[in-house]
Amino acid sequence: MRSPKREVRYGRGNASDEGDPVLSWEEDQPDTSLVPAQSRVRTMLENVLPPVAGLAVLIGAWIAVIRWQHTSPLIAPSPGDVVNGFRDNAGDLLTAVWSTFQDAALGLALSIVVGVLLAVVMSQSKLLERAIYPYSSLAQTVPIFAIAPLIGTIVGNSQLPVGHLPIVLVSFIIAVFPIIANSILGLTSVDPSHRNLFKMYNASRLQELLFLRVPFAVPYILTGVRVSSGLAIIGAIVGEVYLGNGGPQDGGLGYETWTAGTQGQWGLLGASALSAGLLGVGVFIALGALNTVVLRRWHESALRPES
Amino acid sequence: MFAAMDIAAGSVKRAQPGEVLVTADGVGKAYANGTIALRHVSFEVKQGEFVTIVGPSGCGKSTLLRLVAGLGSVSAGSVSICGLPPERARRECHDMAFVFQDATLLPWRTVLRNVELPLQLSKVAPAERRARAVQALATVGLTDVLREYPRQLSGGMKMRVSIARALATQPELLLMDEPFAALDELTRSRLNVELLRIVALAGWTVLFVTHNVFEAVFLSSRVLVMSRRPGRIVAEVPVDLPYPRDPAIRTSLDFNMIVSKVTAALSEE
């Protein structure tokens, strides 16, 4: 890695003698000191208020329906019941969220590695693409509850260290397809004039892949990862329901949700479902931030809108 | 000055002045759908010449340039570079560079790393490719934006980076496909002047494609006029104006006589 700090002054060619000004870009940077503080507060309010208001309306409607219908807590939980569900099971829920997060993260990581590798292979050969691509979509359309028990018996009877592996595999199966699909799209939609450029400079296939296709595909791959992050969590939870060993430690949110559902603990059910949702949102936001950090230098999707 | 002289000196093998670099002999190009893009195109480009192909839009002049670069295959006739088929010449001599219609910079690379790209592809050592890229950028007057990304540059600056990228490879022959077509008139004429200066310093032989007659005459030592599709060369107009050419030449009588000659040839066919 070269140090970005190192500043070297290079002698100029005589191009500037032509009176052709070399622009200084510092001048074009947005100068926030010119934006009145009032309008910055306003922008913040405009960003924060709508979602808060939306949530308030949603919860208000929920409370209203429960009150007006005089619904028994045995039929449906009120927001209060869900809050109580959180409070009374905070420890278990945290343990469960952590366990599910780990399973989903491993499942997602496996999807990224396998998905991108498969996409790279397919991008190099139309024949391989035709041979593999149609079946990769099977991964997300086959009913997962048909495969989950199979994975359990196969892994359970193999030499592999079992642990959470079957759960991770279920998560992987559900999450891998969007990554394959997006990576393929990115790897194969490179600009033809860029390909000609590489051809002109006698680039090998490997060089074209590493210096052109892969960097070009990064925004597509990251989008695939964001789509898959939610699926990986759903996959982990479904896997936990079928293959978890019981308890929040090994069964995660799948176990919590399942037991709450079978025992009629609607407050806990709501709390664990919401926990799964919050976990998903958290992961989505974190990946969005990663997206911005990786692409902020060059890709339109990560640039601040210029006002 | 010093920078550009170094670039010329770094070259391995140079053709002699007057040696034929490009030969197109009866070149024809037909597409699978039956469209005939080119018919019986023959010309030569000698070392040190600045030859421009001028013709109406869609006459196949860009196609012709791509054939010279070996980026497509001829349907009839042949193209050779220093006696070799273009693709072999490209691999064995490394002495051809192509400047495309758009700047074709990689948006995820800084200006410096974009100019380094061809050197990186031909496995030049990092220190040397850095030095050569910096020199090339100095020659086009862009030392202040080495660490910027292409999206931060204007169209004219992007094109100069693209020219610097060609410069860094120290080519013998430069192929340019309407490189300034997307720029405003002011930037275009300024870059024309700058291109002539760099060509003189680097000792390039240039084959240039444009639809702009003024640009063609100002830059070239010889203009080839192409007809509408199927493209043929209908006239060859030598430009006997001495280099280095002053921008003011564009208002001179001699200049405009040649322009009207080319224009007449264009509208004749």
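I take two strands as paired if DSSP finds at least two bridges between them. Helices (H or I, at least four residues) and strands (E, at least two) are DSSP runs, numbered from the N terminus.

**Entry 1. Ground rules**

I am reading a predicted model, in which local features need pLDDT of at least 70, side-chain atom pairs count only at pLDDT 80 or more, and totals for chains, interfaces and linings use all residues. Residues are numbered from 1 along each chain as its sequence is written, while chains are lettered from A and ligands numbered from 1 in the order in which they are written.

**Entry 2. Confidence**

I noted an ipTM of 0.87 and a pTM of 0.80 for the model. The pLDDT is the predictor's confidence in each residue, from 0 to 100. For chain B I found an average pLDDT of 88, with 94% of the residues at 70 or above. Residues 1-12 of chain B fall below 50, and beyond near neighbours in sequence this stretch has 20 contacts in the model. A contact here means two residues whose C-beta atoms, placed from the backbone, lie within 7 Å.

Chain A averages 83, and 86% of its residues score at least 70. Where pLDDT is low, the predicted coordinates should not be read in detail.

**Entry 3. Chain A in outline**

I counted 11 helices and 0 strands in chain A. Of the 307 residues in chain A, 32% are buried. I call a residue buried if 20 or more other C-beta atoms lie within 10 Å of its own, exposed if 12 or fewer, and partly exposed in between, with C-beta atoms placed from the backbone. Taking contacts in chain A between residues at least 6 apart in sequence, I found that 73% join residues at least 24 apart.

**Entry 4. The hairpin and its sheet in chain B**

I followed strand 1 (residues 20-30) and strand 2 (residues 36-46) of chain B, which pair in the antiparallel sense over 7 bridges. V20(B) has K46(B) in strand 2 as its bridge partner. The two strands form a hairpin with 5 residues between them, and G34(B) in the turn has a positive phi of about 95°.

Strand 1 of chain B is also joined to strand 4 of chain B, antiparallel, by 5 bridges. G28(B) stands opposite A76(B) in strand 4.

**Entry 5. Backbone exceptions in chain B**

I looked up H40(B), which lies in strand 2 and has a positive phi of about 50° although it is not a glycine. H40(B) is partly exposed, with 14 other C-beta atoms within 10 Å.

C82(B) also has a positive phi of about 50° without being a glycine. I located C82(B) in the loop between strand 4 (76-81) and helix 3 (86-93). C82(B) is buried, with 21 other C-beta atoms within 10 Å.

A cis peptide bond joins Y243(B) and P244(B), with omega about -10°. P244(B) lies in the loop between strand 9 (233-238) and helix 9 (253-268) of chain B.

**Entry 6. A covered strand in chain B**

Strand 5 (residues 96-99) of chain B is covered on both faces: M96(B) and F98(B) on one side and A97(B) and V99(B) on the other are all buried. I found strand 5 paired with strand 6 (residues 173-177) in the parallel sense over 4 bridges. A97(B) has L174(B) as its bridge partner in strand 6.
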